[in-house]
Amino acid sequence: MTCFDRSDLGLLLLRLGTGGVLAAHGTQKLFGWFGGGGLEGTAAAMESMGYAPGKASAAAAGLAEAGGGTLLALGLATPAAGAAAAGAMAGAAAVHTPNGFFVQGGGYEYAASLSLTAAGLAVAGPGRLSLDHLLGHSVNRGWMVPAALGFTAALTLAVVGARNKRVRRAAEGEQEALFDE
C-alpha cells in the first residue's frame with residue numbers, strides 16, 4: 001500500500017513535536033543554545049541535583065535528549081531513540097518528584113509526559129513517513145523495542161537510584177540549628 005493513512009500522519013506529528021522539543025532541550029545542555037547553560041553550566045546544575053560526575057551526567061543527558069529527539073523526529077532507529085529520550089526524561093522527572101505532579105509547582109508533569117511519549121513512539125514505531133520505513137526498518141526491528149527499553153530502564157534505575165542515595169545522604173548530613181544565635 002502506498003497511500004498514507006491517519007496513523008502515519010499522527011505518528012509523524014508526534015515524532016516531529018516530541019523530537020523537536022527533546023532536541024532543543026538537549027542542545028541547551030550541550031551547546032547553551034536557546035538560553036541553556038551549555039555543558040559547563042549544566043554540569044554544575046547536575047552536580048547540585050545529585051547527579052555525579054556532573055560533566056558526564058550533563059553530556060549523557062544532552063546526548064540522549066538531542067540525539068534521541070533528532071532521531072525521533074526523523075523516524076530513524078526509533079526504538080533506541082525513544083528509549084534514550086525516555087530514560088533522560090525519567091531522570092529529570094526524578095529531580096522534580098518531591099515538588100509534586102504539576103509543573104506549576106516545579107513538579108514532574110512535563111518530564112513524565114515527554115518520557116511517556118518517547119517510550120510510546122519507541123513501541124508504536126515511526127509510521128511510514130519516516131527514515132526507518134525508507135531504509136526497510138534495518139534499525140527498527142521488533143526485537144529492538146524490548147531490548148532498548150529494557151537496557152534503558154535498567155540504566156536509568158541505576159543512575160537515578162545512585163542519585164537518590166547521594167541526595168538522601170546529603171540531606172541526612174544537614175541538621176538545622178538547635179538554638180537561634
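**Salt bridges and their surroundings**

Guide: In this predicted model, R128 pairs with D5 in a salt bridge whose closest N and O atoms are 3.5 Å apart. D5 belongs to the segment before α1 and R128 to the loop between α5 and α6, so the bridge ties together parts that are 123 residues apart in sequence. D5 has a relative accessibility of 35% and therefore counts as partly exposed.

R128 has another partner. D8 also forms a salt bridge with R128, and here the closest N and O atoms are 2.7 Å apart. This pair, too, links distant parts of the chain, with D8 in helix α1 and R128 in the loop between α5 and α6, 120 residues apart. D8 and R128 are both buried.

A further bridge joins K55 and E40, with 2.7 Å between the closest N and O atoms. K55 is in helix α3 and E40 in helix α2, a separation of 15 residues. K55 is partly exposed, at a relative accessible area of 45%, while E40 counts as exposed at 55% relative accessibility. Through shared partners, D5, D8 and R128 are joined into one network. The total count is four salt bridges.

Just after α3, G75 has a positive phi of about 70°.

The largest nonpolar core has 12 residues, among them L11, L22, L72, A81, M89 and L121. Two or more of its residues come from each of α1, α4 and α5, and α4 gives the most, with five. A second, separate core has eight residues, including A43, M46, A61 and A94. Within α4, 14 of its 19 residues are buried. Beyond its neighbours within four places in sequence, A81 is in contact with G68, L71, L72 and L76.

Last, the surface. L74, L131, L134 and L135 form a nonpolar patch there, with about 370 Å² of accessible area together. Of these, L135 is in the loop between α6 and α7.

Conventions: Residues numbered from 1 in each chain as written. Predicted model: local features only at pLDDT ≥ 70, side-chain atom pairs only at ≥ 80, totals over all residues. Heavy atoms only, no water. Core = buried A, V, L, I, M, F, W, Y, C linked by side-chain atoms within 4.5 Å. Buried < 20%, exposed > 50% of the residue type's maximum accessible area, 1.4 Å probe, protein only. Helix = DSSP H or I, 4+ residues; strand = E, 2+ residues; numbered from the N terminus. Contact = heavy atoms within 4.5 Å. Patch = residues over 30% accessible without salt bridge, like charges linked within 9 Å, V, L, I, M, F, W, Y side chains within 5 Å. Areas by Shrake-Rupley, 256 points an atom, 1.4 Å probe, with all protein chains shown as cover. Salt bridge = Lys/Arg side-chain N within 4 Å of Asp/Glu carboxyl O.
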